[in-house]
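Please read this briefing alongside the sequence and the coordinates. It is arranged by topic, with cut-offs given where a term comes up.

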Amino acid sequence: MEAGTKMQSPEKETRPEISTMSVQSVPTLPLRSTDEKAIPLIGFGTAEYPFGASRDTLKETIIEAIKLGYRHFDTAAVYQSEQPLGEAISDALRLGLIKSRDELFITSKLWCSDAHHDLVLPALHKTLKNLKLEYVDLYLIHWPLSLKPGKPDFPFKKEDMVPMDIKSVWEAMEECHHIGLTKSIGVSNFSCKKLETLLSSARIPPAVNQVEMSPMWQQKKLRKFCEEKGIVVEAYSPLGAKGTAWGTNQVMECDVLKEIALTKGKSVAQVCLRWAYEQGVCVIVKSFNKERMKQNLDIFDWRLSDDELLKISQLPQCKGYPALEFVSDDGPFKSLQELWDGEI
């Protein structure tokens, strides 16, 4: 598909216009709630559980990713990957792999223990110190609840969960944007209902909602809502996060996806990423294997047929990560239905 064209899903929805970056022809999408630079539609994820497990080798992996053409990197306070990412950026500049930090799109996230009005700005300052940067391109609220103040950690004690004052936390996020520490602000793991609550008081609407999304969990309702509100959907675990504590093999072992991959001469992973791309969403991919890192970028010069898209649209849906850790009889969300507002 050529850059600048409009994509359509099997339901013939109108997709946002995209443009193509000069590096590796990775397309970008404008963040419509701001006038800042566009977000590359393939991002490199840095989360590996247990968090910090690959800390010693992560810097070199990120440098390799930059060499391959990745320009969008996704981190978070709780991932313990901000510091290696910052070191990799410094080395990439020193080695001439990039001419300017502005060539990169860096996302980080506010952890629940800092999701309190007066802790948001200090948390972002710490993130920027870890990254050795003056600003991030996108700063997200990681989950729609708060923990008692303390060190960013996962798993956490369920008795530490408290309701988030979304209005005051978002006001602090808006202040971070206002003073230039983040170019855009957004959320992660927010349902339609929780987005509506946020939008009812927000002066700056969220630019992005990062959520689980794959062919086996297509988020059609949420994507439609976000499209209507001008919010870019960013997909994590697009391959099902197989091999992680929260992941599942239902995506990579899906017979329909395997059949399409065989027909195309592509991998199942490439079919999943191409499908997400054709839905007009941003995708966060995570592989520390060089060959798979290359393959994950090789999704832009071919397309899925209407019949293949239809088959994928009809796959049975099952959320891979229900997030039971965030549910407690004594917490803000007493059931998965409350956490996801029925979107499960």
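This is a predicted model: local features need pLDDT of at least 70, side-chain atom pairs count only at pLDDT 80 or more; totals for chains, interfaces and linings use all residues.

Residues are numbered from 1 along each chain as its sequence is written, and side-chain values use heavy atoms, with hydrogens and water left out. Helices (H or I, at least four residues) and strands (E, at least two) are DSSP runs numbered from the N terminus. Buried means under 20% relative accessible area, exposed over 50%, and partly exposed in between, with a 1.4 Å probe and protein chains only.

**Helix 3**

- Helix 3 spans residues 117-131, which makes 15 residues. From first C-alpha to last it reaches 22 Å, close to the 21 Å expected at 1.5 Å a residue; the expected span is 1.5 Å times one less than the number of residues.
- The buried residues of helix 3 are Val120, Ala123, Leu124, Thr127, Leu128 and Leu131. Seen down the axis, the buried residues of helix 3 fall within an arc of 135°, so they line one face of the helix. The arc is that of the directions from the helix axis to the C-beta atoms.
- An α-helix has 3.6 residues a turn, so residues three or four places apart point the same way.
- Asp118, Lys126 and Lys129 are exposed on the other side of helix 3.
- The cover over the buried residues of helix 3 includes helix 2 (82-95), strand 6 (105-110), strand 7 (136-141), helix 4 (166-178) and strand 10 (182-188). Contact here means heavy atoms within 4.5 Å.

**Second largest pocket**

- A pocket is an open set of points on a 1 Å grid over the protein atoms alone, with protein on both sides within 12 Å along at least five of seven lines; lining residues have an atom within 4 Å of a point.
- The second largest pocket holds about 270 Å³ of space. Grid points are joined across faces, edges and corners, and a volume is the space filled by probe spheres set on the points.
- There are 14 lining residues in this pocket, and those closest to its centre are Ala77, Gln80, Lys126, Asn130 and Pro152.
- Helix 3 gives the largest share of the lining, four residues. Helix 2 and helix 3 each supply at least two residues of the lining.
- The lining has four nonpolar, five polar and five charged residues. Ala, Val, Leu, Ile, Met, Phe, Trp, Tyr, Cys and Pro count as nonpolar, Asp, Glu, Lys and Arg as charged, and the others, Gly among them, as polar.

- In helix 6 (residues 220-229), Leu222, Arg223, Phe225 and Cys226 are buried. These cover an arc of only 165° around the axis, which puts them on the same side of helix 6.
- Lys221 and Glu228 are exposed on the face of helix 6 turned away from its buried side.
- Among the elements covering the buried residues of helix 6 are helix 5 (192-199), strand 11 (208-212), strand 12 (232-236) and helix 8 (268-278).
- Cys192 is found in helix 5 and is buried, with a relative accessible area of 6%.
- Leaving aside neighbours within four places in sequence, Cys192 is in contact with Lys221, Leu222, Phe225 and Glu343. Cys192 and Lys221 are 29 residues apart in sequence and 8.1 Å apart in space, C-alpha to C-alpha.

**Cavities**

- The whole structure has four cavities of 30 Å³ or more. A cavity is a set of grid points where a 1.4 Å probe fits but cannot get out.
- The largest cavity has about 60 Å³ of space. Its lining is Asn189, Phe190, Ser191, Val211, Trp217, Gln219, Leu222, Lys319, Trp340 and Glu343.
- By class, that lining has five nonpolar, three polar and two charged residues.

**Backbone details**

- Lys132 follows helix 3 and lies in the loop between helix 3 and strand 7. Lys132 is not a glycine, yet its phi is positive, about 60°; Lys132 is exposed, with a relative accessible area of 53%.
- Gly230 follows helix 6 and has a positive phi, near 75°.
- Asp341 lies in the segment after helix 11 (336-340). Its phi is near 55°, a positive value in a residue other than glycine, and Asp341 is partly exposed, with a relative accessible area of 23%.
- Phe154 and Pro155 are joined by a cis peptide bond, with omega about 5°. Pro155 lies in the loop between strand 8 (146-147) and strand 9 (161-162).
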